[in-house]
Amino acid sequence: MNINAEVTPEARDYLVSLLEKQEVPGMAARVYVEKGGTQHAETCLAFCPPGEESPADVRRDFDDLALFFEAASIPYLQDMQIGLHGEGNLQTLTIKAPNSKKPAKPPKTFDLAEECSALRVPSGESVTLPEGATVSITQALGGSFTVNYQGNLYRLSPEVTRQLGFQSDAILFEPPGDGQISDQQCWDAMRLVYDPEIPVNVVSLGLIYKLDIDQDSHCVRVEMTLTSPGCGMGDIIAGDVKSKLLQVPHVEDSKINIVFDPPWSYDSLDEEARLELGLI
């Protein structure tokens, strides 16, 4: 994984001097983006003592300056520039990252930089994909990837995709001013959960039967179903729903109950799903 970054000579010398003042041999700096791909993205630079960098980080040397770039932040740090502003004691570093707020798009095919855990689709069997494996993305929705490897489909969780340096469909809600859980935000959060085999979210698929919000206990309860009782990915999909709901402001707990009465059918699809699947 490559990073296109520039450090001006003045900024380089300033950083080298700053790192030397820490009196830690081999001290470097680490660059990363918080809330990358959103309007709230912040580009950060922090001290990085030897051994505290992540194995997935990308190292770039600018003469005597060593910088580590967080793998998950690489798409947002492309074409960045670190400069220096001011004079004397009023000098400050400037960081320009023009892509920090732009949603990152993963490549269609890539090689795994490290071995990673995955789930075989549709059985849900846990497997480990080897380092160097060439995979093709068939679906990148809701933060997770469905990839094709040697003719089989596998799901990479949002945690794994971030570990590999990718991030998509970032979820970020503004907390309601009244301190209450927003019903609309809960539904919007669940719309970021997708069936690993179908490019349609669980709300449009008609899998969500009921949403109950307890404002006193800050708990959200969901009753949902699956397209088939034998779906091996059921627990994973339900876990994704729970995870997304916990990112909604003021939600402290979420409980997911899977039911099969009434059974799911194609009649449950909304218009968006029917269009996506070519049924209308």
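A salt bridge is a side-chain nitrogen of Lys or Arg within 4 Å of a carboxyl oxygen of Asp or Glu. In this predicted model, arginine 191 and aspartate 188 make such a pair, with their closest N and O atoms 3.3 Å apart. Side chains of opposite charge can pair when their charged atoms come close. Arginine 191 counts as partly exposed because its relative accessibility is 32%, and aspartate 188 counts as partly exposed too, at 30%. By the same rule, the structure has 9 salt bridges.

A second example joins lysine 255 to aspartate 253, where N and O lie 3.1 Å from each other. Here again both partners are partly exposed: lysine 255 has a relative accessibility of 42%, and aspartate 253 has one of 27%. Salt bridges can also share partners, and in this way Arg12, Asp13 and Asp63 are joined into one network.

What about a salt bridge between aspartate 240 and arginine 155: how far apart are the closest N and O atoms? The distance is 2.5 Å. This pair links distant parts of the chain, since aspartate 240 belongs to helix H5 (residues 234-245) and arginine 155 to strand S13 (residues 152-156), 85 residues apart. Both aspartate 240 and arginine 155 are buried.

Is glutamine 185 buried or exposed? Its relative accessible area is 12%, and the cut-off for a buried residue is under 20%, so glutamine 185 is buried. The side chain of glutamine 185 reaches the backbone oxygen of glutamate 174 at a distance of 3.0 Å. Setting aside residues up to four places away in sequence, glutamine 185 touches Phe173, Glu174, Pro176, Val248 and Pro249.

Which residues is valine 147 in contact with, leaving aside neighbours within four places in sequence? They are Leu129, Val135, Ser136, Ile137, Thr138, Asn152, Leu153, Tyr154 and Leu156. For glycine 37, the separation from valine 147 is 110 residues in sequence and 22 Å in space, taken from C-alpha to C-alpha.

Aromatic rings complete the picture. The structure holds 2 aromatic pairs. In the pair formed by tyrosine 149 and tyrosine 154, the ring centres are 6.4 Å apart and the planes stand at 50°, so the pair is tilted. Tyrosine 149 and tyrosine 154 are both buried, and tyrosine 154 is also one of the contacts of valine 147.

Definitions and conventions. Residues are numbered from 1 along each chain as its sequence is written. This is a predicted model: local features need pLDDT of at least 70, side-chain atom pairs count only at pLDDT 80 or more; totals for chains, interfaces and linings use all residues. Side-chain values use heavy atoms; hydrogens and water are left out. Buried means under 20% relative accessible area, exposed over 50%, partly exposed in between (1.4 Å probe, protein chains only). A polar contact is a pair of N or O atoms within 3.5 Å; within protein, one must be able to donate a hydrogen and the other to accept it, and residues adjacent in sequence count only if both atoms are side-chain atoms. Contact means heavy atoms within 4.5 Å. Rings of Phe, Tyr and Trp (its six-membered ring) pair if their centres lie within 6.5 Å; planes under 30 degrees apart count as stacked, over 60 as edge-to-face and the rest as tilted. Helices (H or I, at least four residues) and strands (E, at least two) are DSSP runs, numbered from the N terminus.
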